[in-house]
Amino acid sequence: MYDYIIIGGGIIGTSTAWRLSQRHPGKSILLLEKEKDLARHQTGHNSGVVHAGVYYQPGSMKARFCRAGNELVYRFCQEHGLPYENPGKLLVATNPIELARMGKLFQRAQENQIEVEWLTREQLREREPHVRGVGAFLVRKTGITDYRRFTDKMAELFRNAGGEVRLGAEVLNLKEMPDELRVETTLGDFAGRHLITCAGLVSDRLVRMLGLAVDFQIVPFRGEYYQLDRRKNSIIHHLIYPVPDPSLPFLGVHLTRMIDGSVTIGPNAVLALKREGYHNTDLSFRDIKEMVAFRGFWKVIRKNLRSGIVEYKNSFFKRGYLGLVKKYCPEIEADDLKPHPAGVRAQAVSRNGALVEDFLFVNSRRTIHVCNAPSPAATSALPIAAHILDQAERVFS
Ligand SMILES: Cc1cc2nc3c(=O)[nH]c(=O)nc-3n(C[C@H](O)[C@H](O)[C@H](O)COP(=O)(O)OP(=O)(O)OC[C@H]3O[C@@H](n4cnc5c(N)ncnc54)[C@H](O)[C@@H]3O)c2cc1C
């Protein structure tokens with residue numbers, strides 16, 4: 001019998017396993033992952049941005065964990081020789097409406113105690129000659145890394161500390177008994193005293209396996225990218241972000257330098273018809289059936305119908321997508337947009353149709369479940385792990 005079983009080998013499950021092995025040396029800990037490698041889903045299909053924490057509600061877990069996580073990501077990369085860069089990010093306003101929104105975000109960044117610098121149109125031009133805007137602000141602490149390598153390194157440290165990782169172990173069912181938990185997987189059954197689930201796109205299904213009452217469901221949103229033609233890689237020096245529309249939940253199509261020197265354009269946010277569907281033609285009848293049976297799904301659709309249709313259009317027609325980036329970087333042309341793999345976000349939606357904004361955890365006497373860990377959860381992975389460990393000490397004792 002294991003002391004702890006953790007399900008999900010993304011960045012959250014792996015950081016939790018590693019931190020647990022540090023805090024409780026000598027305890028037996030098993031990490032179960034259904035894929036042949038770690039970090040195959042959200043963690044391995046993201047923008048690689050080390051966020052500073054500009055956007056989030058002051059005092060929220062997202063705001064607190066992101067700010068702390070930003071420092072911890074850089075420190076971890078330094079200590080373990082992982083690649084990272086700190087080019088900073090520019091939020092660019094292209095018209096007076098966006099300028100007013102940018103003012104509010106600037107204020108929020110200050111409330112979140114993030115160092116920001118306001119730039120006039122001329123100062124923006126000096127820093128980024130190929131970017132057009134009426135103003136911008138600079139977030140120095142934003143950077144980039146490779147979260148897949150980050151996860152692999154934590155798994156190595158976990159194994160070195162005596163932890164066990166089982167790949168290709170898909171969890172099929174869970175049972176909580178008075179004195180143990182039974183985890184049924186494709187590799188056989190495992191028994192544990194305590195369970196932590198970090199299953200990203202299927203977090204709700206694992207919670208339901210235990211019969212816990214929850215008020216949310218995961219709705220998948222695909223984030224599609226293009227890669228900029230390599231000849232234009234030096235067109236930007238910072239990460240370039242639009243000012244997000246506050247009525248929409250995602251950050252808007254941005255230009256991101258990746259750790260290998262390439263530049264991605266994206267991601268958009270398209271409702272996915274399959275939880276692990278990385279192509280715009282992928283669909284799963286099980287996933288669709290679950291979605292349409294959920295009241296919150298229809299409310300989200302009603303609230304976001306117009307923007308949803310635009311996102312679909314831009315997903316199928318490159319010209320529309322191009323327009324989003326041309327707005328602030330007019331020199332990019334359709335031929336500069338090369339294919340790049342998409343990612344799928346796991347977004348919890350409540351029964352009343354609200355996208356759950358903050359990180360969300362649910363627990364029973366022997367279990368803790370990470371139910372909503374969208375961006376900036378990669379940046380925040382180490383503080384999230386610390387939070388889970390603190391919660392485990394309270395709940396499990
Ligand atoms: C397009 C996109 C861009 C993003 N950009 C950024 C960014 O720039 N910066 C940032 O901080 N965050 C970003 N994020 C968010 C970030 O990637 C995620 O919040 C983070 O990776 C979540 O990690 P996770 O471990 O919870 O989930 P995942 O990485 O999805 O891991 C969950 C794991 O659970 C496993 N699993 C599921 N079911 C089972 C089962 N039944 N049995 C066994 N294993 C199972 C899966 O195979 C998977 O490996 C982005 C996300 C997306 C999709």
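This is a predicted model: local features need pLDDT of at least 70, side-chain atom pairs count only at pLDDT 80 or more; totals for chains, interfaces and linings use all residues.
**Overall shape**

I started with the dimensions of the chain. The C-alpha trace spans about 65 × 45 × 35 Å along its principal axes. I then checked the radius of gyration. For 397 residues, a compact globule would come near 21 Å, and the chain has 21 Å, so the two agree. I counted secondary structure next: eleven helices and 20 strands.

**Contacts and core**

I looked up burial for the chain. Of its 397 residues, 46% count as buried. I also looked at how far apart in sequence the contacting residues lie. Among contacts with a separation of 6 or more, 73% come from residues 24 or more positions apart.

Which residues have the most contacts inside the largest nonpolar core? I noted Ile5, Ile6, Leu91, Val92, Ile240 and Ile384, in a core of 110 residues. I followed up Ile384. Setting aside residues up to four places away in sequence, Ile384 touches Ile12, Phe65, Phe359, Ala373 and Ala377.

I sorted the shell by class.

**A three-stranded sheet**

I picked out an open sheet with the order β3-β8-β4 and antiparallel pairing. Which strands stand at the edges? I found β3 (49-50) and β4 (84-85) there. Each has a single partner strand, so one side of each is left without a neighbour in the sheet. I checked the pairing of β3 with β8 (residues 143-145): two bridges join these strands, which run antiparallel. Opposite Val49 I found Ile144 of β8.

**Leu212**

My last entry is on a loop residue. Leu212 lies between α6 (203-209) and β13 (216-228). Is Leu212 buried, exposed or partly exposed? I noted 15 C-beta neighbours inside 10 Å, so Leu212 counts as partly exposed. The cut-off for buried is 20 or more, and for exposed 12 or fewer.

I then listed the contacts of Leu212. Leaving aside neighbours within four places in sequence, they are Val207, Val362 and Ser364. Leu212 and Val362 are 150 residues apart in sequence. In space, their C-alpha atoms are 8.8 Å apart.

Conventions:
Residues are numbered from 1 along each chain as its sequence is written. Helices (H or I, at least four residues) and strands (E, at least two) are DSSP runs, numbered from the N terminus. The radius of gyration is taken over C-alpha atoms; the globule rule is 2.2 Å times the number of residues to the power 0.38. Two residues are in contact if their C-beta atoms, placed from the backbone, lie within 7 Å. A nonpolar core is a set of buried Ala, Val, Leu, Ile, Met, Phe, Trp, Tyr and Cys residues joined through C-beta atoms within 7 Å. Two strands pair if DSSP finds at least two bridges between them.
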